[in-house]
2 protein chains.
Amino acid sequence: MTPMLNPRSVAILGASDNPDKIGGRPIRFMREFGYEGAIYPVNPGREVVQGLTCYASLSDLPEAPEAVIVAVAGDNVVAAVEESARLGVKLCVIMASGFGETGPEGKAIEAGMRDTARAAGMRLIGPNTQGIANFGSGAILSFSTMFIETPPLDGPIAAISQSGAMSVVPYGLLRDKGIGLRYVNATGNDSDVSAPEMVLEVLEDPEIRLVLLYLESLSDPTMLARAAIRAQERGVPIIALKSGASEVGKRAAASHTGAIATSDRVVDAFCRKYGIWRANGMLDLVAAAEMYLHGWKPTDDRLAIISNSGAVCVMAADAADREGLSISQLAPETEAELTRVLPAFASPRNPVDITAALLSDGGLFSKVLPACGSDPAVDLLLVGLPITGQGYDYPRFARDTGAFLRESGKPVIVSNAQAKVREVFRAEGVPAFTTEDEAVAAISQFVRHQRMMEQASSTPFHALPVPDGARAVVRDEAASLDLLEARGMPMPRRALCRDVGEAQALLAQAPGGIVLKACSEKVPHKSEHGLVAVGLTTEDEVAAAYATIRERMQAMELGDAPLLAAEMVKGRHEVLVGGHRDPQFGPVVVIGDGGIAVEAMPDNVLLLPPFSDADVARAVEDLRIAPLFKGIRGQAPLDLAAVTRAAQSVAALLCDPAANIASVEVNPLMVSEDGAWALDALIEVYE
Amino acid sequence: MTPMLNPRSVAILGASDNPDKIGGRPIRFMREFGYEGAIYPVNPGREVVQGLTCYASLSDLPEAPEAVIVAVAGDNVVAAVEESARLGVKLCVIMASGFGETGPEGKAIEAGMRDTARAAGMRLIGPNTQGIANFGSGAILSFSTMFIETPPLDGPIAAISQSGAMSVVPYGLLRDKGIGLRYVNATGNDSDVSAPEMVLEVLEDPEIRLVLLYLESLSDPTMLARAAIRAQERGVPIIALKSGASEVGKRAAASHTGAIATSDRVVDAFCRKYGIWRANGMLDLVAAAEMYLHGWKPTDDRLAIISNSGAVCVMAADAADREGLSISQLAPETEAELTRVLPAFASPRNPVDITAALLSDGGLFSKVLPACGSDPAVDLLLVGLPITGQGYDYPRFARDTGAFLRESGKPVIVSNAQAKVREVFRAEGVPAFTTEDEAVAAISQFVRHQRMMEQASSTPFHALPVPDGARAVVRDEAASLDLLEARGMPMPRRALCRDVGEAQALLAQAPGGIVLKACSEKVPHKSEHGLVAVGLTTEDEVAAAYATIRERMQAMELGDAPLLAAEMVKGRHEVLVGGHRDPQFGPVVVIGDGGIAVEAMPDNVLLLPPFSDADVARAVEDLRIAPLFKGIRGQAPLDLAAVTRAAQSVAALLCDPAANIASVEVNPLMVSEDGAWALDALIEVYE
């Protein structure tokens, strides 16, 4: 274990005899929570601190400590970092605030401390951090009062956060459910070790089985991708709450931590790519945590519901439907077995209503659970017990359910509105939720996250930076189409025409007629200016249209650039493919519904290159227009392969550093059942 | 107060000396929870029950009791009801099961008991009920063990349910939050008093300020509409959880209570019409309950967020955005005042980050809350305190917040992850939530429900029943259009043509050309059979098309019915208007996106007649295509008035008992910026 996870000795600069002060709490915590390493209080004003020998300075210690808690402030912080680096300390945790979060001057001081540390092979946590805590070893380099409010319990979960409060809120919520955590680590200003790097770090602890991450800024997505790829290798799920999704939230985040405003949908695409489940808020961050601690690997999402309440059967089935889970269709043998063990008025179908028979037969779960669990159509089981008052032998229910869980290895969870009953089930290892809808939502998240992790990428994304001081300039349609065609974008036969003859030559090869349009980066909305003529099927029509457009171009002083002629194609639906270069994430590709309503009625998905054709197929399934790719009302499906080819060509272009592309928009990509054609394109290039 | 809400005397048939038996618990509860009326145990086998004089039979009592709890079973139940009716009892609560839920025979017995009761002016609750409870008076005619698990507290909430378990689960969840309830009433099989009628009943208690309702079947929507209208008059919100939304849920509900399968979207439309907030599950049913108990009437939805944590500011802003709340833009004077009372590093903008200054100035809320609350742009306030450990004077925060709440009358709520802190705030009357996202969701529900109640209808819906044994038959297009036109449906000029001359005569009046089509109820998809010709602009074209269609009709043996000719119209978007007669709710109107994807990519809303034009406008705002009615990319808005007229014409037709309509579908209703035209219609009529 590294000094960051578990230092063998800890010095506290600014140690306080008062166990309730910032310089006193870490000492109190380490002693209360069983830290076995050496604790060295450092304070020139005292000889003893909380019963421990206190030293005047770091250099007075009997050894160089592995870790130093810097609980002093102001200029003393920089001096402490320098002395620590000199002495061979491995880790400094800087609690003081007043650095990077205050402005450029503070940022510069931070950078200086980081350089000092790195030169000496030392790492920094903070500044402006509550600190880090390891409840496995008792190494609590943190001053959070939360560990007084709610006593810790070691467990296989790591909570990582930039914000101190948001590292301990999940701790509190999980501890209230009786769930333990090993690491509660706040990285503060991320001056050296960032929150994503801390994720990478805790993954080196083989006992960690779940990482909860709170982020306000995603300043280092490359590191988070590395951490996520490592987590995949280890089979450890990451659930992340990235705040600042809304405009006001972004502004508040910027004023709070100077966070860079990130397009929230790009964050979504990033998380999806790397198998990170994205939580919507604090409750959501911890809601399903219990599900992840068993190493369950359900192969499908078919749920069996077992309850003594008909109402719970109904509501759990409703919740499964809302959450997109399937309901197991039990085999005849299973139903026969249930009929045998249940009273006549109970239902042997799923949802299985075992009725109040549970009052007279407290051992019912030892029969019903194995009967359902051995059915190959059952991947997940929910035991819904709304309330279990007088007469219900719930300790026995819990024992039977726990025994089934251990023997079958199948995911089984319980819902019950009484805290004392949930505790008894949890003591048997059974994840317990207050209501059936909460339970079903948790199991659904778990299964969907499982699937997302199976499909996750282990390839770094193309982190092409936006060139410094670059200005994006528009390329005209013909140039844009050429750039795309070179990367495989499907498009109609076309020609740049300097005279009418060239247009008529294209017509000769285009039995369906041609379209003729002006081609100028100065006029994005050509139709509105009468600069487009469609459906030209005769030489005369071509000649007339050519003349008209030329005339209008002259009137608009657009010069005598060649006109663009293209073969008319027959498609059925207008699709959008495009993309842009994000300042943090590099190239981002968009696929969606096309036409004029792309902004007013948006329906699109984002992908970070590189992506596979299967990734495109899965992403398209999330579109509202997904049914068109299956075929509706007897129509043939739209050509997904052609759309995929179009998306890959946009990705190839965006990812080519030489092409230096700022953005691409192909709208419409006209799609039929056997082809797709870029009918218009607009590319911006950095200059 | 009626005997149903608060009987002055209660007899228990089948009284048990054991306070933990069904016949014993109500006696125990009434004595423990302070019932002051007379309690008459009745049991021929005992002289004393739980220390009370026990009687051999109802007729031996010193008076006719107002209420009788029937805790006997089988044939004794019918006898007990008959004797009660004879003696002038006002209310029988029948706990025994084995009646309507077992089949037709049980249903018949139930009906007999109901008739006996009604003839005598007596009301029945149940059978198959846990009973009803009034914690204001201690009249607990219930055997629920939940009142042992969690002690009751009187409060302004009524929980009504058919299912016993689902009456006490909300009780348990609310009591765990320290919130009291007056009524916990289960109506069981609803043989006489249904759950909706029970809602109507509890609304007669002036202290009730919130009704929570769980329903598995909506067998009596007319009564629920009456109750909802009464609730509007009283200003009492109703939150309803109607389960059985999913297909499997419906099946489970049918096997549980014999519930009639109701289209869930019609239930949604019903609830919206009458201002009933529909909850998605049990947690959702109680999640925002606290918000409703203050009588707050915010005029708008602008939220001010105040927190000592920058992260909470960000997450609360994100949550507000997700929930569709606005963020108050504070006035310069407010920001100036905040700047005055806050330290320099705090943010006076909304979200207001008051920072750790709260540690040194525990009175900060007494300054910050009035400053924000007096700003006219602030309708709602959230105080987000993620955790308040050592050093935070949270009792003072709670007092200051409570004082502000009482003085300002503005909605103010708090979020805090520690149960003990929430309790202190609740004791000051401040609704308290675990996290900021939970708090924001609750305040959003409250505000949206408030608005929904303001817009609610106080008119009964058209409960036209589906005629017994009726068969729906299709009318042809021409007949369908005629029926609709008579009610005001906008449509193009058209003619039924027995010969080509009549079609050519229409062409003479139609400068844009005409469409000609076969008109037969036998061929719903005419285009696919070449029976439609569009864009006919010359007499010759009309003649040729007429001949071709006639020929094909002959080949298909469709007879020589007249062809339908209609003027070509220029519209921009295909809309769907239609409707059907629901077996429970009568006429239901649908408005949505039209074309061929109405099933594959549905986008529509339902309305129950009668509805106002404003109701249509609000419903259309929920459509994905809503932006088209505002105008996108410089296009003129689609003609909402014309679509409204179309919807009203469908409503008028469906609601006409003489027309006897089963269903209507107009698709497309072609809509432009100044008109709408029914281009196809299909009506089914009951025969």
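Guide: In chain B, Y394(B), P395(B), F397(B), A398(B) and T401(B) of α15(B) make contact with K420(B), V421(B), V424(B) and F425(B) of α16(B). Sorted by class, the residues of this contact are seven nonpolar, one polar and one charged. The model is a predicted one, and this applies to everything that follows. Helix α15 of chain B covers residues 394-408 and helix α16 of chain B covers residues 419-427; their axes come within 8 Å and cross at roughly 35°. The crossing of α15(B) and α16(B) is right-handed.

Another helix pair in chain B can be described in the same terms. Helix α6 of chain B (residues 195-202) packs on helix α7 of chain B (residues 221-234) at an angle of about 20°, and the axes are 8 Å apart. An angle under 35 degrees counts as roughly parallel, and α6(B) and α7(B) are therefore roughly parallel to each other. Their crossing is left-handed, whereas that of α15(B) and α16(B) is right-handed. From α6(B), the residues in contact are P196(B), E197(B), V199(B) and L200(B); from α7(B), they are M223(B), L224(B), R226(B), A227(B) and R230(B). By class, this contact of α6(B) with α7(B) has six nonpolar and three charged residues, and no polar ones.

G634(B) lies in the loop between α21 (613-621) and α22 (640-655) of chain B. Its relative accessibility is 83%, and exposed means over 50%, so G634(B) counts as exposed. Between G634(B) and M291(B) there are 42 Å in space, C-alpha to C-alpha, and the two are 343 residues apart in sequence.

In chain A, the part to look at is a pair of strands. Strand β8 of chain A (residues 131-134) and strand β9 of chain A (residues 139-142) run antiparallel and are joined by four bridges. Within this pairing, A133(A) is opposite I140(A) of β9(A). The two strands, β8(A) and β9(A), form a hairpin with four residues between them. In the turn, G138(A) has a positive phi of about 85°. Along β8(A), G131(A) and A133(A) point one way, while I132(A) and N134(A) point the other way. All four of these β8(A) residues are buried, in contrast to G634(B) in chain B, which is exposed.

Methods
Residues numbered from 1 in each chain as written. Chains lettered and ligands numbered in written order. Predicted model: local features only at pLDDT ≥ 70, side-chain atom pairs only at ≥ 80, totals over all residues. Heavy atoms only, no water. Axes fitted to C-alpha atoms, helices over the stretch in contact; angles between N-to-C directions. Parallel < 35°, antiparallel > 145°, perpendicular 65-115°, else oblique. Left-handed = near helix turned anticlockwise from the far one by under 90°. Contact = heavy atoms within 4.5 Å. Nonpolar A, V, L, I, M, F, W, Y, C, P; charged D, E, K, R; others polar. Buried < 20%, exposed > 50% of the residue type's maximum accessible area, 1.4 Å probe, protein only. Pairing = 2+ DSSP bridges.
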